[in-house]
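Here is a walk through a predicted model, told one element at a time. Keep the sequence and the 3D view side by side.

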Amino acid sequence: MTNANNGAAVRAEHVAKHYRMGDTVVRAVDDVSIEIQPGEFVAILGSSGSGKSTMMNLIAGLDRPTGGAIYALGEDLAKMDSGALAKYRSHTIGMVFQSFNLLPRMTLAENVELPLRLAEVAREERPARVKEAIERVHLTSRSGHRPTELSGGEQQRVALARALVNKPTILLADEPTGNLDSKTGDEIMALIAEINQSGVTILMVTHEQARADKYARRSIVMKDGKVVSDGGRP
Amino acid sequence: MKMRDLTELAMRNLREAALRNSLTTIGIGVGVASLVAILSLGVGLQDLVSSRLTSSGLFNAVIVTSRLNARGGFGRGRGGPGGGGAFGPDDGVNTSVLPRALDEDARKDLAQIPFVVDVYPEIRINTEVRYNDTPYPTMVSGVPQSSKGTGAFDGIEGSFFSAPDAQEAILQIELAKQLAPTNPNGLIGQQISLNYAERQELAPAAAGGISGGFSVVPHQEQLRIVGIVESEPTSAGGGFGQVRLMIPLEVAEKLQAAQANDLRSVLGNGAGGPGGSNYQSLTVKVGDPTKVESVETTIKDKGFNAFSLLDASKNLSLIFSVFDAFFGSFGGLALVVASLGIVNTLVMAILERRREIGILKALGASDGDVKMLFFTEAGCMGVMGGLLGVLLGWGIGRVINFGANVYLHRQNLPGAQLTAVPIWLVALAFVISISVSLVAGLYPASRAAKLNPVEALRYE
């Protein structure tokens, strides 16, 4: 870890993401500085267009900021080329999305195996890793099923298993319960909390204040691209 | 991502849009097939012409004459009548080597040259064949045993001579039809008589003290017919002529038949054969056609004139290469069109799989992985298209062969293989198919790799 990191899992310093739409400059993220320690469960709250998903994408290395810097486990994402960023997404973080983003033509097990293929994990090692990840989300009996044969809650569990199979340090969840009913949403949140208890840092984007209050240990509220409150700000 | 994983994912993706990808692959296959079919026709025709010319004995033979004979030339053997005039200048004559007589010693010396499989004189005899007491004036040729394996007697009815000194004969079909109009093939196993003028050497005393004199007496030889051929294999004598009956060369030499130019040998330096006199010309058969040139040079260095039709063979290859290139370009055009199909298919796939590309990138796929995935898909289509194209091209070749042979059969002509798909053509087709597919996949793969993952994930 570098000095710039101070041991943080994620540290964002004056991060900005501005882009031009016609004559207007849209400030999706504007001078955001946050620090997330290892093992934290942080919820980023905000209404639609507040910049929380953009912030998530910047931390995931899917997008590059127009200003500021983001450090993940001490590494400056701005200094990584696209290959290094891909490796970072493969080995350091796991991602789950509101719409699950499973590949419909693959079975549950094949979807979970996909990150292992991308990370070039040895073939003989993969079945055990896939089995372990599927067991962790309690879907062992459905491993041969395709996503269309699973319920929304089950699909999100598969997405969680896929995000965890490479044993990431940080889990980024973008509205993980947004497409689920209340009961199923709670089950998924309980699972995410369980994952957090195993030591994985959780950064969750949500607009559901109640769930954030119930499961996250820290809430950051964003509005118009800026952080307006940070429950855990030192 | 490892190549095996890439290939598995690529094949899975191709199966997803099975119809579209199949049509694209068929497009490549048709392009490759047209190329294979055209080139196989070119190769087949070249093989056919080459094999016919090789079996004719002209392209793997060197005609040797003596420099002592000022009128030396091609095809003027002991038999004379089959020979023509001089057949080209004696290029590359090594004037520092003393000219040598073309005698029995020279024949043995020539046989020792590496890659030479046979050395024999051309023997053609004017005879009268008798069958059922009916005479048939016939030109007879001595056939060396080495002609058996050259393909010159492919398609023979019956068999080749059982031994180099067998009292056997092979008929040309026209003579056979004359002897037995209703059932020429029934002649096989029958006996015929060969009436000819035998040359008998005279002792100098009997010839008024002049050496080399001879007398001519009628002689008859009994022969058993063992085979019938469609046309005269010119390798039989190493030259051209209206030969209608062939006998083993060894038998022909023992006949001591009088020749038209025997009169000249009496007056000049001799043009006899075994028994101390000189040959007018000898045919040197080379086992490997590529060694003809070196054998020819060696013969010239030994003090003889030598000539082969090698240069004509080289021109033939050039003509066929031009033919292949010209018609192959049409096949190439079909491949270019097919490659545009690949571009179109993969660009469509990018649009359809935009979200999937975003997911892959979110899960850790690098730009290179995405590029390689699309590249592999293009390559897989190329491999399958190549396989399909080779099979289709081979099939088209078979159809051409079948149709041509039906036509040839109706024309009472012997069958022929007009197309050939050698292993190098299969390999070439695969290389071209895969190369074209990969080039076609360059743009879509590059475009897929450059997709912004955030935008791709938002894509519905």
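Start with helix α4 of chain A, residues 126–136. Its buried residues are V130(A), A133(A) and I134(A). Viewed down the axis of α4(A), these buried residues fall within an arc of 95 degrees, so they line one face of the helix. On the other side of α4(A), A128(A) and E135(A) are exposed. Burial here is a count: a residue is buried if 20 or more other C-beta atoms lie within 10 Å of its own, and exposed if 12 or fewer do.

What covers the buried residues of α4(A)? The cover includes two helices of chain A, α3 (108–118) and α5 (152–164). After α4(A) comes H138(A). The phi of H138(A) is positive, near 60 degrees.

Now take A161(A). Setting aside neighbours within four places in sequence, A161(A) is in contact with V112(A), A133(A), I134(A), R136(A), V137(A) and L139(A).

Next, look at a sheet in chain B. Its 4 strands run in the order β2-β10-β1-β11, and the sheet is open. The pairing is antiparallel. At the edges stand β2 (116–121) and β11 (304–307) of chain B, each pairing on one side only. On average, neighbouring strands of this sheet are turned by 25 degrees against each other, direction ignored.

Zoom in on one pair. β2(B) joins β10(B), residues 281–286, in the antiparallel sense over 5 bridges. Within the pair, D118(B) stands opposite K285(B) of β10(B). Helix α3 of chain B, residues 104–111, packs on the sheet. α3(B) touches β1 (61–66), β2 and β10 of chain B. The direction of α3(B) makes about 160 degrees with that of β2(B).

Finally, step back to chain A as a whole. Its secondary structure comes to 7 helices and 10 strands. Of its 234 residues, 46% count as buried. Among contacts in chain A between residues at least 6 apart in sequence, 72% join residues at least 24 apart.

Note on methods: Residues are numbered from 1 along each chain as its sequence is written. Chains are lettered from A and ligands numbered from 1 in the order in which they are written. This is a predicted model: local features need pLDDT of at least 70, side-chain atom pairs count only at pLDDT 80 or more; totals for chains, interfaces and linings use all residues. Two strands pair if DSSP finds at least two bridges between them. Axes are lines fitted to C-alpha atoms, for helices over the stretch in contact, and angles run from 0 to 180 degrees between N-to-C directions. Two residues are in contact if their C-beta atoms, placed from the backbone, lie within 7 Å. The arc is that of the directions from the helix axis to the C-beta atoms.
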